[in-house]
Amino acid sequence: MTDEKLKMQLSCPMPKLDFDIITLGHGSGGLLTNKLLDSGVFDLLSNDWLDRRHDGAFLELHGQTAFTTDSFVISPVFFPGGNIGELAVNGTVNDLAMCGAIPAHISLSFIIEEGLPMTEFWDILVAIKYACSQAGVQVVTGDTKVVERGKGDKIFINTTGLGSVHPNASIDIGNVKVGDKIIISGHLATHGIAIMSVREGLEFETQIQSDTRHLNHLVKECLDEFGKHIHLLRDPTRGGVATVLNEIARDSQLGVDIFQINIPVHEEVYGACEILGLDPLYVANEGIFLSVVDASIADDFVKKLQQHEFGQGAAIIGEVVKEHPRQVVLTSNIGGKRVVNMLVGEQLPRIC
Amino acid sequence: MKFISEYRSPDMVGQYLEELKKTVTRPWSIMEVCGGQTHSLVKNGILNMLPEKIRMVHGPGCPVCVTPLNLIDKAVFLAEEKEVILCSFGDMLRVPGSKKSLLEAKANGADIRILYSPLEAVKLAKENPDREVVFFAVGFETTAPANALSVIHAHRLGVNNYSILASHVLVPPAIEAVMNDEESNIQGFLAAGHVCTIMGITEYYPLVDDYRIPVVVTGFEPVDLLQGILMTVRQLEKGEAKLENQYSRVVRPEGNPEAVKVIQQVFKVVDREWRGIGTIPLSGYGIRKEFEQYDANLKFDVNIEEVEESKECIAGQILKGIKKPNECPQFGKKCKPETPLGAPMVSSEGACAAYYHFHQAIQDLETAM
């Protein structure tokens, strides 16, 4: 846990409660639900919209608005470098950022398995609060349901988000053209490998921490400066970079060339992938994004990213080409070429 | 990464390719036996860097591909009907059985877990004394010591709710089966480096002598593979048939005697059915009588109807290098990685999947350009 997160947690001590686990009653909508929410949830996430405690929030929307939703079912709920709470905020914030929008309001919906220790729920809430304040978004409406033991996996979270589209933004697959450069904002596979390291049956010792973080400020700065030269932004979460690149090739009807030698992967993540028999191109990411930009700004764009805390590993990893339409071709470190396909099912570790 | 990056050096690769081009004068068909080698050839894009005269044939060394249909059905049966905790290496899960794969059984509620080590399964058995835990022990000689060790471990700890569904296969009999096939046109072999790390290299002398064929024990990194191919081509060009060890930094001639001892303690050599190929005499490991209480085959009443392989799948001919995957009428049509007819289309090491993902697609590209 970073110092800042620790500080946050210490400054938000869990209130004294007459229950230490979440029970079915806490999702009933009645007295216990109110007790749970009044126990500190509302105080922690307090803002003008939420404080009205109405069935929904009243928002003023101006201009083009991006709207997205995502559900978070990660196991384990607590992982090196974070927990499901910040993931749920950052995930939706980043999806909005990928639309070229400035995230502002999110909804927050819990499905909790009965028996979840209140201390864990509190840690998740604090992480949510922390992530919201970092990203500059507010939880304006929410819901809490509790399901019987065995019918959930500790806690599932859904967040939905709204944000105004940046006036300079023109993010559309239709803008992608031959010659565009493909840029990654940071190191691949860090989040996926951090999660893998604590999965039951696969545990291995590592210092690797998830890179879950909000990308909206960084994206906004890029849009401020480069505007319409940014043709597409994508968030290579599940399915990894390979899957997103395949989607870009498919939807643009153009080819994509990438160069392994330029693809940034942390040494220890690479090592873990070697041992586990996984390809970093298919491993899930959280704290990075992929941009397709006009070749004329590519170098400046990378420099801009590299100056930011969350873009230090940025690199041009490939380009859009007219050859081999709808296919992604990788040139390996040794100069060989292969087609990179979309992930089929889940990436399963190889035997040998 | 030290000891890996050196063997992925583009300069070295360039030098070996240059040397290969100088050396090769005639067309040669060389089989890389091990699926790990196929994977590396494909992943690094080596296949389309090689001189045209060298044809690499992807061999039967993919454990996922050669595990018989019946055994997958048994694993599914144990997980579903006997309600055991079935533990498996990851890539076995997607292989189609006659009715379903383990992944589908898992989705239907069976308790199936992906593990990296069979010792984890013993731990699981200890933690769940009221459940039976079965480890799906597939693989070549490489995974055999760990699987054998898990049985010894369970025995020592007095863990009685642990057993293994063993389907071990052996490399030398597979090479022999390929050579005995009249249609086979393989002229040299890259033997599997990691198998030899365990077993040593002496088993291959008789093959070299009997079939007059070069065998080069080879590693898995690009430089290893190219060096192994070069050593094989040099022999072929000179008309020699020798056993050579390219992977000497890892493989000792005597192998790993401790590991072999563990294997021999638990397993005995038995006839084994290979998916797509059929039964090869003395080509696998079965559990010795002393440890039969850990044999899931005996422990559970598994009466599974023998189901015939899909007639449309020509896996046998492909695993023996007689046909190329793209010569199969169903290749890329009915049979794709997301809807495999046979096992070689499942694992990324499988010859058909490798071809589908990489080789074939590159050829398409070249024709399109």
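In the predicted model, seven listed positions of helix H1(B) face helix H11(B): Met12(B), Val13(B), Tyr16(B), Leu17(B), Glu19(B), Leu20(B) and Thr23(B). Their partners in H11(B) are Pro222(B), Val223(B), Leu226(B), Gln227(B), Ile229(B), Leu230(B), Val233(B), Arg234(B) and Glu237(B). By class, this contact of H1(B) with H11(B) comprises eleven nonpolar, two polar and three charged residues.

H1 spans residues 10-23 of chain B, and H11 spans residues 222-238 of chain B. The two axes lie 10 Å apart. The packing angle is about 15 degrees. Angles under 35 degrees count as roughly parallel, and H1(B) and H11(B) are therefore roughly parallel to each other. The crossing of H1(B) past H11(B) is left-handed.

A further helix pair in chain B was examined, H7 (residues 144-157) and H12 (residues 257-266). The axes of H7(B) and H12(B) come within 8 Å. They cross at roughly 55 degrees. That angle makes H7(B) oblique to H12(B). The crossing of H7(B) and H12(B) is left-handed.

On the H7(B) side, the contact is formed by Ala144(B), Pro145(B), Ala148(B), Leu149(B), Val151(B) and Ile152(B). These residues meet Ala259(B), Val262(B), Ile263(B), Gln265(B) and Val266(B) in H12(B). The contact of H7(B) with H12(B) holds ten nonpolar residues and one polar residue, with no charged residues. Gln265(B) is the polar one.

How values were computed:
Residues numbered from 1 in each chain as written. Chains lettered and ligands numbered in written order. Predicted model: local features only at pLDDT ≥ 70, side-chain atom pairs only at ≥ 80, totals over all residues. Axes fitted to C-alpha atoms, helices over the stretch in contact; angles between N-to-C directions. Helix = DSSP H or I, 4+ residues; strand = E, 2+ residues; numbered from the N terminus. Parallel < 35°, antiparallel > 145°, perpendicular 65-115°, else oblique. Left-handed = near helix turned anticlockwise from the far one by under 90°. Contact = placed C-beta atoms within 7 Å.
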